[in-house]
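Welcome! Here is a short tour of one protein model, written to be read alongside the picture.

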Amino acid sequence: MLDALTVAVSAAALALAAWCGFAAYRDQPTKDWHFIGMAVVTVLALAQLMTGIVQLARGEKADEGSVIFVSYLLGAFAAVPAAGFLSLTERTRWGSVTVAAGAVVLAVLEVRLYDIWKG
């Protein structure tokens, strides 16, 4: 797996979490700019998903198993879009908290993906 991509996804996710957390602190719901940020993080997670699948297809192996690795990749890809969808149903500050929590979950999943790949 590409370490630089893992770091980029983690940093973008934590930046999104801080941004949405600040919006929640200011008692604001998610806005269009937040959804653009979510899209950027999601595209990075998609790039990581595709990279991981290509590396597995080339014959490289995750130290803890391919099934769990792909499962974590899919979960990492879905974390921020799921939180964004939930924030659309909650148009208060708690929608921003939901996105911030989803972004923190993504950052934690990135650490776990690194562990699964490297052992």
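Which helix holds both F22 and Y25, and how many residues apart are they? Both sit in helix α1, three residues apart, which is about one turn of the helix. Helices here are DSSP runs of H or I with at least four residues, strands are E runs of at least two, and both are numbered from the N terminus.

Before going further, a word on the model: it is predicted, so local features need pLDDT of at least 70 and side-chain atom pairs count only at pLDDT 80 or more, while totals for chains, interfaces and linings use all residues. Residues are numbered from 1 along each chain as its sequence is written, and side-chain values use heavy atoms, leaving out hydrogens and water.

**The overall fold**

The protein has four helices and zero strands, in the order α-α-α-α from the N terminus. Its C-alpha trace spans about 50 × 20 × 20 Å along the principal axes. Of its 119 residues, 39% count as buried, meaning under 20% relative accessible area; exposed means over 50%, and partly exposed lies in between (1.4 Å probe, protein chains only).

**Aromatic pairs**

A search of the whole structure finds two aromatic pairs. Rings of Phe, Tyr and Trp (its six-membered ring) pair if their centres lie within 6.5 Å; planes under 30 degrees apart are stacked, over 60 edge-to-face, and the rest tilted.

| Pair | Centre to centre | Angle between planes | Type |
|---|---|---|---|
| F22 and Y25 | 6.3 Å | 25 degrees | stacked |
| F69 and W117 | 4.9 Å | 40 degrees | tilted |

F22 is partly exposed at 42% relative accessible area, and Y25 is exposed at 67%. F69 and W117 are both buried. The pair of F69 in helix α3 and W117 in helix α4 links distant parts of the chain, 48 residues apart.

**Helix α1 and its partners**

Buried residues of α1 include L5, T6 and V9. The buried residues of this helix pack against α2, α3 (66-89) and α4 (93-118). After α1 comes D27, with a positive phi near 65 degrees.

**A closer look at Q48**

Is Q48 buried or exposed? Q48 counts as buried, because its relative accessibility is 2%. This residue belongs to helix α2 (residues 32-57). Its side chain makes a polar contact of 2.8 Å with that of E110; such a contact is a pair of N or O atoms within 3.5 Å, and within protein one must be able to donate a hydrogen and the other to accept it, with residues adjacent in sequence counting only if both atoms are side-chain atoms.

Key
Contact = heavy atoms within 4.5 Å.
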